[in-house]
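Work through the exercises below with the sequence and the model at hand. Each task is followed by its solution.

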Amino acid sequence: MIELKNIIKTYQMGDSTVHALDGIDLKIEDGEYVAIVGPSGSGKSTLMNVLGCLDVPTSGEYRLNGQLVSKLSDDQLARARSRNIGFVFQQFNLLTRSSALRNVELPLRYQGVSGRDRAARAKAALESVGLGPRVNHKPTELSGGQQQRVAIARALVTQPSILLADEPTGALDSKTGVEILALFEKLHETTGVTVIVVTHDSNVASHANRIVRIGDGKITSDTPVFHEHRSQNGTAPSAMPEKQPVMAQEAKAK
Amino acid sequence: MNIFETFRTAVESLNANKLRTLLTMLGVIIGVASVVALLSIGAGVSSNITSRINGMGTNMLSINTDNRQANARLTNADVRALDDPLRVPDVTSAIGEVRGNAKVMVGTNLRNTTVQGEMPGFFAMRNINMDTGSIYTDDDNTQRRRVAVLGYSLAQTLFNNSALALGQTVMVDTTPFQVVGVAEQKGGFGPQSGDDTIYVPLNVAQEKLFVRRNTGLDSVSTIYAQIRSADVASSATQDISRTLRSAHNLLPTQADDFRVFNQAELASTLDSVAATLTEFLGAIGAISLLVGGIGIMNIMLVSVTERTREIGVRKAIGAARGAILLQFLIESLTVSASAGVIGLLLGMGISLFIGSQGSFKSIIEPQTVAIAFGFSVLIGVVFGLYPAWRASRLQPVEALRYE
């Protein structure tokens with residue numbers, strides 16, 4: 001559960017002070033699928049950094065699963081990230097020299113998980129994103145969509161409560177982008193993880209159950225989205241006819 | 001992350017830039033190799049000097065005339081005086097020597113070499129053993145028999161085979177001598193080794209070979225005095241001075257017309273010269289080790305900048321500062337320690353090779369190995385610490401934004 005109270009983040013740009021976040025109040029319950037939408041410069045990236053414990057606000061309170069994280073030190077933030085949050089980036093940000101398996105193992109390594117356990121969990125995570133047979137490929141040997149799947153597996157391997165994705169389809173073609181969004185939906189529904197997608201693209205945002213719009217560091221609107229073909233309570237998607245064949249095809253191709 | 005995992009990560013990223021890693025290592029490799037080679041060669045040279053001076057005979061004083069004094073000379077009488085235990089109790093034996101150059105000839109085989117007129121006691125005092133035959137006797141000396149002992153390589157040169165020399169006659173200038181012994185090979189180079197020397201009885205040399213010296217038939221060029229132990233060197237020196245001054249009838253106002261040298265002192269002087277030289281060369285090696293360390297720091301800083309984004313990702317997925325610090329520290333440590341090992345092997349190879357070529361054996365002391373390897377590890381830590389610290393302090397937000 002995420003609770004933001006009057007979050008303010010200011011930057012000093014030369015002589016002037018920039019209010020990147022200007023009094024944000026936001027509450028996100030466990031298991032929600034939220035899109036944070038705004039044009040560039042709206043403060044959505046700053047909000048993502050605060051939500052992801054990559055940065056601390058100038059003032060205000062941020063409670064993550066009950067823990068007050070807005071005042072933590074660097075190392076305490078690292079531990080909070082490691083325990084609660086999985087990141088998915090626009091540019092995938094995989095370690096190019098390491099295999100998919102080792103990339104996915106990395107967060108477990110920083111948690112101090114032992115070798116055999118680690119490999120098993122990383123393999124299971126890769127399996128869940130549909131990359132089972134490609135565990136030993138290096139990122140350079142994988143397509144963009146496959147790389148993003150590895151990144152998603154890396155984000156989920158620690159079983160975080162929140163999956164935080166920053167423009168996850170921004171570096172992908174539209175067809176692959178749709179596949180990745182479908183994967184988010186599937187993972188959201190099967191694992192119950194809270195998904196927060198930060199994007200400027202309203203098509204991407206439309207997949208979420210709730211859209212929070214940001215402008216000039218403030219929340220301008222916060223509206224729920226109702227999907228006709230999807231149930232809200234996280235049961236298995238019985239009606240995704242246009243997406244399931246794509247997944248099946250891919251699995252066959254491998 | 002445990003140390004083994006961190007080490008594996010370090011090796012992976014070093015492998016990704018093989019040429020750069022190798023060039024970085026080169027500085028430390030050269031530094032360690034030169035330190036090890038120079039210290040080992042230095043140790044070899046100094047032990048060679050020590051053993052050679054011990055080979056000359058330990059606990060020995062040598063007495064020469066002071067060349068600055070016009071009429072200074074040493075005689076057989078001086079030798080007898082110093083050999084008298086009542087006058088110089090610390091001296092166990094004293095012998096006289098004349099030394100010069102002469103033409104030595106067998107048939108048409110001619111060689112210009114050192115001739116030493118020696119009393120028979122000389123051979124024992126200088127630890128010279130016979131390869132074949134035997135040394136001449138006191139009787140040969142007092143009876144003025146024309147007999148000679150050849151140095152090993154001189155015998156080889158004159159007779160092709162040292163065993164053939166016994167009983168043969170050699171001409172020294174115009175005087176024939178019969179060979180009674182050939183000395184064992186001493187090794188080493190220069191006239192000090194004695195391998196190229198012909199030894200004849202002192203009295204014969206004084207009266208037949210070096211008669212044209214204006215100092216008289218009974219003069220000697222050097223007196224060797226064996227003392228009981230190194231501890232009595234200074235009291236023996238005083239006794240020798242007093243004895244010779246009275247023998248030479250010197251007034252208290254007159255300076256000594258002779259000089260007393262202590263072989264042990266000479267040895268320690270040469271040894272300390274060699275040690276200073278070794279330290280100096282070792283210091284030059286250490287400087288290149290330092291330069292190598294700065295090279296490591298330079299490359300590590302470049303590497304941290306290059307991998308800013310990677311550091312950001314690692315931090316985002318849960319790496320604490322300590323984990324990043326350790327990762328980069330182990331990387332620089334891996335570079336410097338493996339360079340240290342390679343440098344060590346290279347340095348040992350160089351010193352063994354040089355030792356096998358020259359007249360001395362190089363000595364690779366365990367502490368040299370320990371110091372060189374220890375230093376290379378230390379350099380990895382010292383020069384890796386700052387780049388690693390910089391990496392660990394990177395803010396994840398800015399690091400992730402870095403292109």
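A crossing of two helices is left-handed if the near helix is turned anticlockwise from the far one by less than a right angle, and right-handed if clockwise. The model is predicted: local features need pLDDT of at least 70, side-chain atom pairs count only at pLDDT 80 or more, and totals for chains, interfaces and linings use all residues. Residues are numbered from 1 along each chain as its sequence is written, with chains lettered from A and ligands numbered from 1 in the order in which they are written.

**Exercise 1.** Determine how the axes of α9(B) and α12(B) cross.

Solution. Helices are DSSP runs (H or I, at least four residues), numbered from the N terminus. Axes are lines fitted to C-alpha atoms over the stretch in contact, with angles from 0 to 180 degrees between N-to-C directions.
- Step 1: the axes of α9 (residues 263-306) and α12 (residues 366-393) of chain B come within 9 Å and cross at roughly 25 degrees.
- Step 2: α9(B) is therefore roughly parallel to α12(B) (angles under 35 degrees).
- Step 3: the crossing of α9(B) and α12(B) is right-handed.
- Step 4: residues making the contact (C-beta atoms, placed from the backbone, within 7 Å) include Gly293(B) and Met297(B) of α9(B), and Gly380(B) and Phe383(B) of α12(B).

**Exercise 2.** Describe the contact between chain A and chain B.

Solution.
- Step 1: 20 residues of chain A are in contact with 18 residues of chain B.
- Step 2: on the side of chain A that touches chain B, the elements giving two or more residues are α2 (74-84) and α3 (100-111) of chain A.
- Step 3: α2(A) gives the most to that side, with 6 residues.

Technical notes: Angles under 35 degrees count as roughly parallel, over 145 as roughly antiparallel, 65 to 115 as roughly perpendicular and the rest as oblique. Two residues are in contact if their C-beta atoms, placed from the backbone, lie within 7 Å.
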